[in-house]
Amino acid sequence: MTRFRVSAVVALLVGFLLAYFVWSTEANPLSSYRFKLGLDLAGGTELVYKADMSQTATSERSDALGALQGVIERRVNMFGVAEPLVQTEEVSALSGTTEDRLIVDLPGVTDIKAAVTALGATPTLDFRIATTAATGTSTEATFIPTGLTGRYLASASLQFGSGATAGLAAPQVLLNFNSEGAKLFEKITSENIGQVLAIFLDGQPISTPVIQEAIPGGQATISGKFTAPEARDLVRNLNFGALPVPIELESSSAVGPTLGAAAINAGVVAGIIGFAIIALFMIAWYRLPGVVATIALAEYLAFMLAIIKVIPVTLTASGIAGLIISVGMAVDANVLIFERTKEELRGGKSPREAVHIGFSRAWPAIRDGHLTMIISGVILFWLGTSIVQGFALVFVLGVLASFVSAVSLSRVYLLAIVPEEGEGAWKFLLSSGFRKH
Amino acid sequence: MFIINHRGFFFWLTGLILAGVIGAIVVWGLPLGIDFTGGSLMQVSYENGRPALTDIEKQITPVGLGTISVRASGDRAVAIRTRSQTPGEHEAILGALSANASTTEVAYTSVGPALGSQFTHKAVWAILAVVLVIMLYIAFAFRRVSGPVPGWGYGFTVVAMLAIDIIVPTGFYAAYAHFTGAEVDSLFIVALLSLLGYCVNDVIVIFDRVREHLAKNERENNKEPFEETIGKSISETMTRSINTALTVVLALIALIYFGAETTRNFALVMLVGIVAGTFSSIARSAPLLIPIAKWFKK
């Protein structure tokens, strides 16, 4: 008994600390433990791009995707958004083809067009060798990608060289490759002396110089027919990062801040009212165990919210749905135990013994129910799309927490209160129903 | 014992309900949202009252997006669904709408067709995989069960139950969507998945009681007819089944009345599913073991 009382006091203290943590970190706008809200709740724009890997060797795909992510991140940061998120995703379709995606989350941004323009303005740069093939009477130039792309670019700068028009300096763009790119550039130029090395920008040839000799040192000059402002823009865009592979906007969504805020308010109000109704029902029907269950549930919720803050889990509408269902599971575990306890009381057991047996009898059902749910949650997380994953993650965490709280918290509290030999009053308190029996 | 004695009636009732919901799905169909088909959905709110829907449609038609659908959403907003829009087309529509009214775009989603079909595949596979694993786990958890039905018989029964538990709210939604213009979105899939979790737990509680009685009868060498064991298990767990369902239903009603617009349809599907699922667990899951037991005796 003393053991259970000590544990109960400790458990209560931990519960208060958790609740205080949840409350204080939310009250402090600077805390790093505030809830992370998904775009559907906080408002913002999500853009999903498909990376076109058709020109990229299979072995280099993940490298190229990583490079793409880096470039887009730099771009997004230039856009000036608080806490942007750029993720890549490799999706295997059932047909065996893989698709590489880039997901850009821009909290607080609702102007999709501006966002798309800012991200999409980045040029794709690559170098191709021209080969002329005689087809019939006309000769047609075909361009073969060399594998040298904007990925290998370290920096670009503007310079003025001697132009075709005498006396006027023509703007040129000087490209500096990184060490890997320099090697590649040297190899390509040494192998293709006398050929045309075309420089493609966004799929269009902008400059088609003939290779005179092998070029070591990793520098190349684009002397297209630029005006000075054009050349300056190109340099700026190249420095922001040339895209290693072309991307295509596949899906986009924007949620205005009012809708998100309304969803949160409504969710909180519904949550509080829902919890209050459940608590009233539990206390009215299950009496003393109902009170205990309400305290255990409140502690369970504080625990869940604290976990969501600490991990942190990004809360979305589907995640909140997962939370509500897992609260239902936690209630159910308590109901199972109390019904069992009541049966044992009817069978003539003493109150304390009834509580003990009630818990052990309810255990197999709680175990099997919770385990099947955890397994299904894990599968959903593994198979699902992001909205299903948002649900699955919170659901699995919630079921795990319910597993612990129902079996340990309610049990410790009840055993700390219920005496060894109970009189009529104890039997009344542990029974259930709206009548006096 | 009431349910066991009248199990024929409950099986027929189930058949009728199933016929009704399958009929609803076949006749009205499930209007798939853009999450599945690809396309764009924009929600636009009118500050000073909403004009007639046909007028809004006429305003957008010049942008040239083919078939468009304009629905009322809430008191002052409309939901406009089109094929997948480019950012430029999106801008053009917003321009057309705000030409003679003060509008704000509340939300906008655009899903490419490839992404849509992938979501459908994933959703179907996720549900099938979950059902399969549940069956295997239950067969495993009940592998040492005594009595006429082997463990995998329980697993099979649970899966049959889950199929019904999924079909009933789906049929309800088909009817609901037919009359309100709602669409099947990804939250609908989340609702079905939640229902799977809830209903399997519900059935397990009853089966666990059956398992316990069977073990006790074997220990005490008590020759009790299988029907009686099942009837006893159902009536002993009925208070728990109803009370748990009641608490979840109360939470869902709070979500429907006070919750966000976006989760309203979700909560409604859950509500129907849980009421149907609880009825299903009590009136069908364990009684279904009786014909299965007879089949195994042959």
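Mentor: Start with the wider picture. This is a predicted model. In chain A, take the contacts between residues at least 6 apart in sequence: 71% of them join residues at least 24 apart. Chain A has 11 helices and 13 strands. Of its 437 residues, 44% count as buried.

Now the helix pair. Two packed helices are described by the angle between their axes and the distance between the axes. Look at chain B. Helix α9 of chain B spans residues 226-258, and helix α11 of chain B spans residues 289-297. Their axes come within 10 Å and cross at roughly 155°. Angles over 145 degrees count as roughly antiparallel, so α9(B) is roughly antiparallel to α11(B). The crossing of α9(B) past α11(B) is right-handed.

Which residues meet there? From α9(B) come F226(B), E227(B) and I230(B). They meet L289(B), I290(B) and A293(B) of α11(B). By class, this contact has five nonpolar residues, one charged residue and no polar ones.

The largest nonpolar core holds 181 residues. Within this core, L68(A) and V190(B) touch the most other members. Helix α8 of chain B, residues 186-219, gives the most to the core, with 19 residues. Leaving aside residues up to four places away in sequence, L68(A) touches A51(A), L102(A), L243(A), P244(A) and V245(A).

How values were computed:
Residues are numbered from 1 along each chain as its sequence is written. Chains are lettered from A and ligands numbered from 1 in the order in which they are written. This is a predicted model: local features need pLDDT of at least 70, side-chain atom pairs count only at pLDDT 80 or more; totals for chains, interfaces and linings use all residues. Axes are lines fitted to C-alpha atoms, for helices over the stretch in contact, and angles run from 0 to 180 degrees between N-to-C directions. Helices (H or I, at least four residues) and strands (E, at least two) are DSSP runs, numbered from the N terminus. Angles under 35 degrees count as roughly parallel, over 145 as roughly antiparallel, 65 to 115 as roughly perpendicular and the rest as oblique. A crossing is left-handed if the near helix is turned anticlockwise from the far one by less than a right angle, and right-handed if clockwise. Two residues are in contact if their C-beta atoms, placed from the backbone, lie within 7 Å. Ala, Val, Leu, Ile, Met, Phe, Trp, Tyr, Cys and Pro count as nonpolar, Asp, Glu, Lys and Arg as charged, and the others, Gly among them, as polar. A nonpolar core is a set of buried Ala, Val, Leu, Ile, Met, Phe, Trp, Tyr and Cys residues joined through C-beta atoms within 7 Å. A residue is buried if 20 or more other C-beta atoms lie within 10 Å of its own, exposed if 12 or fewer, and partly exposed in between; C-beta atoms are placed from the backbone.
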